[in-house]
Amino acid sequence: LGIFGGLFIGLGGAVTSTVSHSLTNVGLIRLVSGLLFPFGLITIIMTGTELFTGNCLISIAVLERKATIGGMLKNLVAVYIGNFAGSVLLAVGYAFFGQMNYSAGALGEYAIKLAALKCSMSFWNAFVSGIFCNVLVCAGVVLSLCAKDVAGRAVGAYVPVAMFVLCGFEHCVANMFFIPAGLFALTVPKYAALALEAGIDTGVLPWGNFLVKNLLPVTLGNIVGGVLALNGIGGFTLG
């Protein structure tokens, strides 16, 4: 279930990149991404697959003594690994099997550029952005649970996620797709040449930078946003 959760979030990222890669206006890119990306979370909620960031709300059950800390950690670790596997597998297919050939390879260049931007963030910028992101993601999960029909659940999940994408906040599972997609694209000569021609700083793109400078602080921020900031809201609403 975690693998499919990572796949669905990654597909949301693939859609936004494919549609927005030829745009130059930052506001328009954010708008298009905000309109499209939330369908990834909606798909997860409707299919019952698992997402690490949303599952941080299990902490509510722990505080209410309906679940154990050990059980929560077991779930979060398993789902995190599954999300990572699903996202990276999608990134492999996205980079190496022709999907990035849109606009004569400009989509591959865009993937590299996006990965470089994310890996250039400071630790604290990524951390705080991760907090804000998961406050909104968990709000979307809670709102979807408050609805009684399919349309209501979809709208409940859609609006907060659109807000986090519009603001450009950082989501660890989304980055498990976006950054590996850029890293894999960099190994394709055609895309690498376009990135070099565009002056993209690819020196920030070793895997170590992805794991330490982005994924670690964003994950920690997502945990803080999900476990701490949403406990009051989630506990009150679900209770």
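# Exercises: pockets, a cavity and a helix pair

By class, 6 nonpolar, 5 polar and 2 charged residues make up the lining of the second largest pocket. Here Ala, Val, Leu, Ile, Met, Phe, Trp, Tyr, Cys and Pro count as nonpolar, Asp, Glu, Lys and Arg as charged, and the others, Gly among them, as polar. This is a predicted model: local features need pLDDT of at least 70, side-chain atom pairs count only at pLDDT 80 or more, and totals for chains, interfaces and linings use all residues. Residues are numbered from 1 along each chain as its sequence is written, and side-chain values use heavy atoms, with hydrogens and water left out.

**Exercise 1.** Locate the second largest pocket and state its volume.

*Solution.* Start with the terms. On a 1 Å grid over the protein atoms alone, a pocket is an open set of points with protein on both sides within 12 Å along at least five of seven lines; a cavity is a set where a 1.4 Å probe fits but cannot get out; lining residues have an atom within 4 Å of a point. Points are joined across faces, edges and corners, and a volume is the space filled by probe spheres set on them. The volume is about 230 Å³. Of 13 lining residues, I44, I45, T49, N55 and V141 lie nearest the centre. Next, the helices (DSSP runs of H or I, at least four residues, numbered from the N terminus). α3 (39-47), α4 (52-55) and α8 (123-146) each supply at least two lining residues.

**Exercise 2.** Which helix gives the largest share of the lining of the largest pocket?

*Solution.* The largest pocket has a volume of about 680 Å³. Its lining holds 29 residues, with I29, R30, Y110, L114 and L117 closest to the centre. Helices supplying at least two residues each include α2 (26-36), α7 (102-119) and α9 (150-167). The largest share, 7 residues, comes from α7.

**Exercise 3.** Describe how α2 packs on α9.

*Solution.* Take the axes, lines fitted to C-alpha atoms over the stretch in contact, with angles from 0 to 180 degrees between N-to-C directions. Those of α2 and α9 come within 8 Å and cross at roughly 155 degrees. Therefore α2 is roughly antiparallel to α9 (angles over 145 degrees count as such). Now list the contact (heavy atoms within 4.5 Å). R30, L31, S33, G34 and L35 of α2 meet Y158, A162, V165 and L166 of α9.

**Exercise 4.** What lines the largest cavity?

*Solution.* The cavity holds about 30 Å³ of space. I9, F37, L41, L51, V137, V161, F164 and H171 line it. By class, 7 are nonpolar, 1 is polar and none is charged.

Terms used. Angles under 35 degrees count as roughly parallel, over 145 as roughly antiparallel, 65 to 115 as roughly perpendicular and the rest as oblique.
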